[in-house]
Amino acid sequence: MEQQAILIILGMSIVTYIPRALPIIVLSKFKLPDWFLRWLKYIPVAILSALLVPEVVIFEDSVNFSLDNKNLLAAIPSLLVAYKTKNLFVTVSVGIMSMLILNLLLPNY
Amino acid sequence: MISEWRKGAKAAIPIMIGYVPIGLAFGILASQQGLTVGNIFFMSLFVYAGSAQFIAAAMMFSGSQAISIITTTFLVNLRHLLMSASLAPHMKKLSSVIQSLISFGITDETFAVSGNYVQNNKASAGFFGGLHIASHSSWILSTVIGGIFGSKLTETTKWGLDFALSAMFIGLLVPQLKDKRGLLVCICAGLLSLILKSYTGGNYNVIIAAIIAATIGVMAEKWNNKQSLSYSE
């Protein structure tokens, strides 16, 4: 297990570092076309949304838009607080507290 | 130079604080899934990618093969390619060595700050150094502390910590939605990603959805411009 874990962590480190470094080192040497720069501006929002939505909507391995989906329920106060405060720490805290409360209220799901 | 470092570290404060609950959550879950505190430390030091670490710990626990864990990590973290590309035009003045050091610290969260910062400010090595080192330190420390206490806690999902990552994405995404086109890109990316994930089940959903949604954003610009052009005629 221990040796296996070290191997896995090493492999993960390498495959994570390459996509981080390569574009900066290579692309910064060239002048990029204007449309590509505009395209890149949409990348942060696109990535975050693509990460978030499945995380929240998929509950216990299936797409779930009902009130049984605690992720979805916890997302509502988090979204409101994020919109109001624009504060990362407050948003994360409210998200965790919402889930905590939901788990206390709906322990069977 | 010192003031640039300080500026970067100051910009890292919300990230440092935001990493605490998520790092603790990772450390606790990972230690309950059989990772040692040493494993957690090295993973946070060298891999340094929240969602991939959560996924890897779960896969290690369920006995997945090394190659499939590493491949999954690669796919999950391939999105950094786009972030790195997005920072590249602002890094022209820095040496390749500095660039390769800075790129190590690109995460969803640091990029949410730096990607925004470079639009209006000159990118300096000091700013990135301060931002990345401060953020990374917080990540390592939080995950290790979570790992130390994790094995002593039970039934952590009850604590709501499993929602920390989603809440972080929400906290990073919402302030970036400044106009209709951003909202369009956000909705397209989210829906596409969900559809891809639920039908293919693979790990390509984030990168494919992001590429298509950003392309839709650029196309919407053109469409908008044409419209305003025809109005003015």
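Into which domains is chain B divided? Chain B comprises domain 1 (2-176) and domain 2 (179-233), with bounds taken from an automatic or database domain assignment. The model is predicted: local features need pLDDT of at least 70, side-chain atom pairs count only at pLDDT 80 or more, and totals for chains, interfaces and linings use all residues. Residues are numbered from 1 along each chain as its sequence is written, while chains are lettered from A and ligands numbered from 1 in the order in which they are written.

The C-alpha centres of domain 1 and domain 2 of chain B are 26 Å apart. Their contact (C-beta atoms, placed from the backbone, within 7 Å) takes eight residues from domain 1 of chain B and seven residues from domain 2 of chain B. On the domain 1 side, helix α4 (residues 66-77) of chain B supplies the largest share, three residues; helices are DSSP runs of H or I with at least four residues, numbered from the N terminus.

Between the chains, 85 residues of chain B are in contact with 63 residues of chain A. The chain B side has 54 nonpolar, 24 polar and seven charged residues. Here Ala, Val, Leu, Ile, Met, Phe, Trp, Tyr, Cys and Pro count as nonpolar, Asp, Glu, Lys and Arg as charged, and the others, Gly among them, as polar.

The largest nonpolar core has 103 residues. Such a core is a set of buried Ala, Val, Leu, Ile, Met, Phe, Trp, Tyr and Cys residues joined through C-beta atoms within 7 Å, buried meaning that 20 or more other C-beta atoms lie within 10 Å of the residue's own. Helix α1 (residues 2-32) of chain B gives the most to this core, 14 residues. A213(B) is one of the members that touch the most others; leaving aside residues up to four places away in sequence, A213(B) touches Y42(A), A46(A), V185(B), C188(B), A189(B) and L192(B).

Definitions and conventions. Contact = placed C-beta atoms within 7 Å. Helix = DSSP H or I, 4+ residues; strand = E, 2+ residues; numbered from the N terminus. Buried ≥ 20, exposed ≤ 12 C-beta atoms within 10 Å, placed from the backbone.
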